[in-house]
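The sequence and the coordinates come before the discussion.

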Amino acid sequence: MDKFVEQYQNNEIDKDQLIQELMTHYGSQVTRLAYSYVKDVQTAENIAQDVFIKCYKKMHHLKKGSAIKPWINSITINKCKDHFRSGWVKHLRLNVDFSKFIKSTAPSPETEMAKKDQHDELTKEVLSLPVKYREVIICYHFQELSINETSELLNVKVPTVSSRLRRARLMLKEKLEGDHK
């Protein structure tokens, strides 16, 4: 994907072609990340649109050699935080099946259903975590960012990310084990 950014920076493709490639490649990932914050599909889709509009407007700020994924993720997270600061957000609903965004490769319907139930339960518990714990879990486990990348993305120190990640895992473990007792 970074090759398209290089092509844009070398004037081999135009801004419209680049944003189309970014939307194709990162669109569902941005929507899932936004959903993990706002817990509403329609709001997440609106935020994803805003993210790509901002990418389009700020493309010239992207430095040569810098990775595009962390840049898009940071814009997405900031747009989600802006959404919560907007004042009209009164409460969030968790009435959407998040698992429909994830493609399953289960070999049998029984296995697929068991995985879906586990995933739904885990998703529900992750989304119920306080934001500061939820965001490190999502960045580290779902976005597959390193602790250093997560630290940079969230603008917190590395030990803070490690501490929040450990606490979030403990909270999830307690919640999940509590449901099975």
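## Burial and the cysteines

A residue counts as buried when its relative accessible area is under 20%, as exposed when it is over 50%, and as partly exposed in between. The model discussed here is predicted.

C80 has a relative accessible area of 0%, so C80 is buried. The value for C55 is likewise 0%, and C55 is therefore buried. A search for disulfides across the whole structure returns zero.

## The nonpolar core

In soluble globular proteins, nonpolar side chains tend to be buried together. Here the largest nonpolar core comprises 45 residues. The residues with the most contacts inside this core are L18, L22, C55, M59, I68, W71 and I72. Two or more core residues come from each of α1 (2–9), α2 (15–38), α3 (41–58), α4 (68–85), α5 (109–128), α6 (131–142), α7 (147–154) and α8. The largest contribution is that of α2, which gives 10 residues.

Which residues of α7 are buried? They are T150, S151, L153 and L154. These residues lie on the same side of α7 because they cover an arc of only 165 degrees around the axis. N148 and E152 are exposed and sit on the face of α7 turned away from its buried side.

N155 follows α7 and has a positive phi, near 60 degrees.

With neighbours within four places in sequence left aside, R164 is in contact with K132, Y133, E135, V136 and V156.

Is R167 buried, exposed or partly exposed? R167 has a relative accessibility of 40%, so R167 counts as partly exposed. Y133, one of the contacts of R164, can also be placed relative to R167: the C-alpha atoms of R167 and Y133 are separated by 7.4 Å, with the two residues 34 apart along the chain.

Notes
Residues are numbered from 1 along each chain as its sequence is written. This is a predicted model: local features need pLDDT of at least 70, side-chain atom pairs count only at pLDDT 80 or more; totals for chains, interfaces and linings use all residues. Side-chain values use heavy atoms; hydrogens and water are left out. Contact means heavy atoms within 4.5 Å. A nonpolar core is a set of buried Ala, Val, Leu, Ile, Met, Phe, Trp, Tyr and Cys residues joined through side-chain atoms within 4.5 Å. Buried means under 20% relative accessible area, exposed over 50%, partly exposed in between (1.4 Å probe, protein chains only). Helices (H or I, at least four residues) and strands (E, at least two) are DSSP runs, numbered from the N terminus. The arc is that of the directions from the helix axis to the C-beta atoms. A disulfide is a pair of cysteine sulfur atoms within 2.5 Å.
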